[in-house]
Amino acid sequence: MSGEEEENAAELKIGEEFLKAKCLMNCEVALILEHKYEQLQQMSDDPMNQVSQVFEKSLQYVKRFSRYKNPDAVRQVREILSRYQLAEFELCVLGNLCPETVEEAIAMVPSIKTKGRAHDDDAIERMLNDLSLIKKFE
Amino acid sequence: MFLKVQMPWNVIIPADSLDAKGLMLKKAIVIRLMDEFACKKATKDLGYFMAVTTLESIGEGRVRQNTGDVLFPVVFSGITFKMYRGEILQGVVHKILKHGVFLRCGPVQNIYLSHIKMPDYHYVPGENGIFMNDKHSKIDKDVIVRFIVIGTKWMEAEREFQALVSLEGDYLGPVS
């Protein structure tokens, strides 16, 4: 990336290093942080005292903003979204915000409609249906 | 966005924590790493440091002259949080002022939504002032708001990010 000026997640311009880095959905982070917290609980009586403020705030946040709670559902969400040739970043935005309509999905992740990509409205519709099914059966 | 990143780090183990048994050494390195990771809080490039997940490798230790401490180059995986311009996120309102509202999102505490960036909302004064639009959609304390990030700023002294956000766009605003 040449300069910070150009960063724009809506066009998927977030810097080489981050495009390749693995992004995580809120529900995945919730599973990891809760597991970490349980480990700490076993080691000390007052685990909240052991963790940083960043950890504490983030745990609260991801617990509140996870659309999927069940670990199996979380795994399925990533698996299903992975079938649609999305960038890591796009996959996680969709998994976090769970748009209900095609129009909403495009508003949340405008880059899926940019030129040269194979996402027509039908494909997006199918993807959203798949996602809502997981939620229903969770 | 939460990121899973791999990063190198130098862990210094004081001479008196060194133990003949290898297992204890690994434990000392992990504890030291976790402490330092938590203290660092955030960096401009990687964002906020959440948790160490796995220790990938431990390099050859080098004894430092004078002190006798040993420095180990290690590589580990961890989780960080970084906001990008153009990213759409959800946050929670924690303060309402006449000119806009402050939100929290993940570890970020200072996210400002100016009244200029939510033109259809107006301030309704009162004991606890709120913002409201013509369709009676309210932005009150503890309400979840979906917004787009228009700028971030790294504050070196506080080791924190500040962000400016907007509601100008489709499907943005309070979430019920």
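Two strands count as paired if DSSP finds at least two bridges between them, and this cut-off is needed in the first exercise below on this predicted model.

**Exercise 1. Strand pairing in chain B**

Determine in which sense strand E7 and strand E8 of chain B pair, and over how many bridges.

Solution. Begin with strand E7 (residues 100-105) of chain B and strand E8 (residues 108-114) of chain B, which are joined by 5 bridges and run in the antiparallel sense; because at least two bridges are required, the two strands count as a pair. Next, locate a position within the pairing, where B:Val101 is found opposite B:Leu113 in E8(B). Then turn to the hairpin that E7(B) and E8(B) form, in which 2 residues lie between the strands and B:Gly106 adopts a positive phi near 60°. Finally, follow E8(B) to strand E13 (residues 160-166) of chain B, with which E8(B) pairs in the parallel sense over 4 bridges, B:Tyr112 having B:Leu164 in E13(B) as its bridge partner.

**Exercise 2. Where chain B touches chain A**

Work out which elements of chain B give two or more residues to the side that touches chain A.

Solution. Start from the totals, in which chain B contributes 26 residues to the contact and chain A contributes 29 residues. The elements of chain B that give two or more residues are strands E1 (2-13), E3 (47-58), E5 (70-81) and E6 (88-97), and E3(B) supplies the largest share, 5 residues. By class, this side of chain B holds 16 nonpolar, 5 polar and 5 charged residues. One further step concerns E1(B), to which strand E1 (residues 22-24) of chain A is joined in antiparallel fashion by 3 bridges, with A:Cys23 opposite B:Leu3.

**Exercise 3. Confidence in chain A**

Identify which element of chain A has the lowest mean pLDDT and which the highest.

Solution. Over the chain as a whole, pLDDT averages 86, and 89% of the residues of chain A score at least 70. Among its elements, helix H1 (residues 16-20) of chain A has the lowest mean, 64, whereas helix H7 (residues 102-108) of chain A has the highest, 95. Where pLDDT is low, predicted coordinates should not be read in detail.

Key
Residues are numbered from 1 along each chain as its sequence is written. Chains are lettered from A and ligands numbered from 1 in the order in which they are written. This is a predicted model: local features need pLDDT of at least 70, side-chain atom pairs count only at pLDDT 80 or more; totals for chains, interfaces and linings use all residues. pLDDT is the predictor's confidence in each residue, from 0 to 100. Two residues are in contact if their C-beta atoms, placed from the backbone, lie within 7 Å. Ala, Val, Leu, Ile, Met, Phe, Trp, Tyr, Cys and Pro count as nonpolar, Asp, Glu, Lys and Arg as charged, and the others, Gly among them, as polar.
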